[in-house]
Amino acid sequence: MPKPGRDLLRLADSVILPGFVGTAPPDWLRRRLSEGLAGVVLFSRNITGPAQVAELTAALRAENPSALVGVDEESGEVTRLEVAKGSSRPGNYALGVVDDVALTEELARDLGRDLAAAGISIDFAPSADVNSNSGNPVIGLRAFGADPELVARHTRAFIRGMQATGVAACAKHFPGHGDTSVDSHHGVPVVAGEIEEHLRPFRAAIEEGVRSIMTGHLLVPRYDPSIPATLSPHVLTALLRDELGFEGVVITDGIEMAAVSGAYGVGGASAMAVTAGADAICVGGERSDEATAAEVRDAIALAVMEGRLPEERLAEAAGRVTGLGAWSAAARAAHAQAAREGGGRVEGEIGLIAARRAVKVTRRSSAPILPITVAAQVVEFAPEMNLAIDKGTPWGVGEPLGKLLPGTTVARLTAEESRAAVLEDLLRSSADRPLVIVARDAHRYPWQAEAIGHLLSARGDAVVVEMGLPERSDLGAVHIATYGSARVCGQAAAEVITGTL
């Protein structure tokens, strides 16, 4: 069979959003953008600060003015722009706990302003998943909650706020990743039974006019018992397009994730996804080199030549992607002009306000445990997080508490470090000081529960702060739930502990 021609390769490129290494575009990326590459996905490795991102996006668009620039900026645990210092906004779960849709909309608008100023055209948020499985290893706090109606109304609010700034929102992970116990970075999650409740937020997102929807690499036997949703025409075309009536851009989750690439390869999965109804292929979280981007392009072009992917379907996908880029460029320009005419942005602390409102305090002792007014010992338990959360993202209570109570000491322990001998040493060294224990999804990690129990058996007066999902509130003399581990969540907890909130 002859090799694909330049026009076909260009058409294939126009649906691909690869990642890359570095804080400036490498030569291969500049070349591919000038030849029609759809755009890029930015990761924390590409980001040092807002001004640098603005320079980067300008350099990308110098090669392709309509290039889409996307980023996973959910706020909370999943942040890219603020990965170095932690998010200044809590994540979805905290917003769901507060349940003030006006607050959610304003926070999303605030976030959208920052993204638009940096030249971002699409934010891969919000998570519209209904987190009905508390053991979910990959969604958890990224969801607004476990109630479909609550998730639906906050999904709507987030989309309104984000898209008002000219940045496209992207509801994910269709048709719903909440009721799963497998991380699709590593395997294939199965969504058993009916999924209507999980579809409700996506129906709401479509009614709200969301510009894009991201697929989940999920096996949904109700619609397709053999192929994950990202690769299934039964899910992407029959369900999402025909039944739900979505007319925007369908974007895949990272195509190199094992749930789809494990069986079909990165290129094969990409071609299958476009055939099934996807319009844009995201790749580059784990494979960010030129060879991977070329592999995806060549596989899509070959599928057209072999008749497995109709060229009309590929052209349709490319048209939607180009249209989204044009909408975002025009909308961001209009928003920027309106901001200039209106005197610019009014600075605020919407994220900290939201984090403070989300905190829940359960007092289990009549003793005056709070406020703590002297230097404390903080013990933070650090589990291994999923790949969506950058390992370098700061979190915790120790750092903000130390600023309020100078002399506070912090010990952060992994599973391997949480041995009885280490815990006993900490108990001895903090015998005459307040003890603050910080957990993160303690209900999912037996080692955390065991270590917390060890400390509480000796220090019943300890304060326990849960920065993940608080399945239990009966731990410690005072239990504080922050519903998130973002920087502002730690700040809010420290303020509660010291009585300044």
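Before reading any burial values, I noted the cut-off: a residue is buried at under 20% relative accessible area and exposed at over 50%. I also kept in mind that this is a predicted model.

**Entry 1, cysteines.** I checked cysteine 282 and found it buried, at 6% relative accessible area. Cysteine 170 is buried too, at 0%. How far is the sulfur of cysteine 282 from the closest cysteine sulfur? That sulfur belongs to cysteine 170 and is 7.6 Å away, too far for a bond. A disulfide needs the two sulfurs within 2.5 Å, and my count came to zero disulfides.

I moved on to charged pairs and counted 41 salt bridges in the structure.

Lysine 172 pairs with aspartate 72, with 2.8 Å between the closest N and O atoms. Lysine 172 sits in strand S5 and aspartate 72 in the loop between strand S3 and helix H4, so this pair ties together parts 100 residues apart in sequence. Both partners are buried: lysine 172 at 1% and aspartate 72 at 16%.

Arginine 142 bridges to glutamate 74, with the closest N and O atoms 2.7 Å apart. Here the parts tied together are 68 residues apart in sequence. I noted arginine 142 as buried at 7% and glutamate 74 as buried at 4%.

Glutamate 399 and lysine 403 meet in a salt bridge at 3.0 Å, N to O. They are four residues apart in helix H13, about one helical turn. Are these two buried or exposed? I found glutamate 399 exposed, and lysine 403 as well.

Technical notes
Residues numbered from 1 in each chain as written. Predicted model: local features only at pLDDT ≥ 70, side-chain atom pairs only at ≥ 80, totals over all residues. Heavy atoms only, no water. Buried < 20%, exposed > 50% of the residue type's maximum accessible area, 1.4 Å probe, protein only. Salt bridge = Lys/Arg side-chain N within 4 Å of Asp/Glu carboxyl O. Helix = DSSP H or I, 4+ residues; strand = E, 2+ residues; numbered from the N terminus.
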